[in-house]
Amino acid sequence: MSRRSSTGLGFDAWTRKYKVVRLINGRPKEKEMIKCEVYTAGGGYGDRWRPATRGIHFGMRRFVLAAVANAATHKLPPVFANGSLHWLINPKSFIRWPRAAVISFSVAEETFTYSRSPSFWASEVHQPPLARVSLEHLVEMDNQLRMVRDLRNNPNGSTLEIWKLLDYSSGNWSLSHQIDLSGQVARDLCEPQIVRVIGSVGNCRSVKKIIIATSKRMVDKKFENKVHSYDPRSKVLETILSVTEAHTSRITNTPSSRFGLFEESLAAVHKTDREIALSSTLAKATKEILLRLPAKSVIQIKFVCKQWLSLTESQSFIQSYLEHKNMDKRPKVMLVGKGTGQSGFSFAPLNRCLPEDHRHIALLDTKMVCSKPCHGLNMISTEEKDYLYNTCTGFHKVYCNQAKAQAEQHAFAVGNKNVGLGFDLLICEHFLVEIIYKLKDFESRQYN
């Protein structure tokens, strides 16, 4: 017997992570006849599969085996709804009618449960499972689990029924839609060998249309695949897509529908070793401590070890640090000062300087112009030098200006120059633009 498997994708609402779950049927001589493995996309387990946390309970194994066999035989992927992945059990896998119809795997808790057989199965208990005429498959509609009952070969009436699971524990199902296969609907849905309800589309203001995919054998090696929309209110079936599929080799069975509905979204599917290390409990606690330190201390601390260096230089830490330091969301007015004989400038919040005695404040002894903050840096210009400052750490770089000329009497000009500070978003680097005039005569409009 060949190995069979079934794989599905689910979302863990507790950890906000996507999980890929696969069920694998083992061979007779293998120790495990059935096993469940989980791959957490972007999780802390690294790029590998791992066994499910709770495993498969002994009493559930025969149901899981039957569900995997049914999924592999009829090409039925598991359906994700209400936080769980669901597999349908085919009664034909049992000599007697099983008490379970659907097995469910909780993506968050990683446990298996089952739902009892629907009421319409009870009406067929008098006949053996192998004599069944109807076929079923599962589908998610409005985040609720539905079972589609294919009664196209029913002598009492050709229909498609859609049942909604109301309660997992009691197995209470309710008929929500019934599609009468007559007229045009009969031609489009009764002739194909494969008919699958794959979901519904629409909004709360309009009646949602049911999306149905079909597959029909045309000639040898060619198949016609279509997608239809069915309006339950007007009972109109509309074909929205038709694709002819050709195979190079002969296929005995009609391939199942290859169409599916999905909601477009982006999510990380893998974490690097660095991201895994930064997501540990120790790294999170260290991050919360470093967020409360001054910028100068953070710069010094990153030389302690490689882990702290990696943490403080990560983009997530930089963003969190900026958000933490600006929690009050109020802009701060800074005063720039430099006393006589001092080598550098100093920045101080205005609210700290105002209460102090004005006699102890060092005034500037020369004209200077300070730019607005530009991605964490400020530009201070004097007549002879320009200073690029990080006001948080105090680090600065000095640029000397050797040009001499008559000073310009302008609020934003120092000496004979105008200096601007900018940031290039493409290369993520600051740049300085300096315009120096040896001659500027407004009356004659001569510039040099």
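1. Let's start with Thr-286 and what surrounds this residue. Leaving aside residues up to four places away in sequence, Thr-286 touches Trp-308 and Leu-311; contact here means heavy atoms within 4.5 Å. Thr-286 sits in helix H5, residues 281–290. Helices (H or I, at least four residues) and strands (E, at least two) are DSSP runs, numbered from the N terminus. Thr-286 counts as buried because its relative accessibility is 14%; buried means under 20% relative accessible area, exposed over 50%, and partly exposed in between (1.4 Å probe, protein chains only).

2. A word on the basis of this note. This is a predicted model, in which local features need pLDDT of at least 70 and side-chain atom pairs count only at pLDDT 80 or more, while totals for chains, interfaces and linings use all residues. Residues are numbered from 1 along each chain as its sequence is written, and side-chain values use heavy atoms, with hydrogens and water left out.

3. Now to the salt bridges (a side-chain nitrogen of Lys or Arg within 4 Å of a carboxyl oxygen of Asp or Glu). The structure holds eleven of these salt bridges. One of them pairs Glu-37 with Arg-22, with 2.6 Å between the closest N and O atoms. The pair links distant parts of the chain, 15 residues apart: Glu-37 belongs to strand E3 (residues 34–41) and Arg-22 to strand E2 (residues 17–25). Glu-37 is buried at 16% relative accessible area, whereas Arg-22 is partly exposed at 24%. Arg-22 also lies over the face of Trp-49, 3.9 Å from the ring centre; for a charge to sit over a ring, NZ of Lys or CZ of Arg must be within 6 Å of the ring centre and within 35 degrees of the ring normal.

4. Arg-50 is in strand E4 (residues 50–51) and Glu-110 in the loop between strand E7 (100–106) and E8, so to speak of sequence, 60 residues apart. Both Arg-50 and Glu-110 are buried. Through shared partners, salt bridges join Asp-12, Lys-19, Arg-50 and Glu-110 into one network. Elsewhere, Arg-152 and Asp-150 meet in a salt bridge at 3.0 Å, N to O, and both Arg-152 and Asp-150 are buried.

5. On to the aromatic residues. Rings of Phe, Tyr and Trp (its six-membered ring) pair if their centres lie within 6.5 Å; planes under 30 degrees apart count as stacked, over 60 as edge-to-face and the rest as tilted. The whole structure has six aromatic pairs. Among them, Phe-63 and Tyr-114 form a tilted pair, because their ring planes are at 50 degrees, with centres 5.6 Å apart. Phe-63 is in helix H1 (residues 61–74) and Tyr-114 in strand E8 (residues 112–116), so the pair ties together parts 51 residues apart in sequence. Phe-63 is buried at 0% relative accessible area, while Tyr-114 is partly exposed at 25%. Tyr-387 and Tyr-389 are also a tilted pair, with centres 6.4 Å apart and planes at 45 degrees, and both are buried.

6. Finally, Ser-115 is found in strand E8. With a relative accessibility of 0%, Ser-115 counts as buried. Not counting residues up to four places away in sequence, Ser-115 touches Arg-99, Ala-100, Ala-101, Val-102, Leu-165 and Tyr-168.
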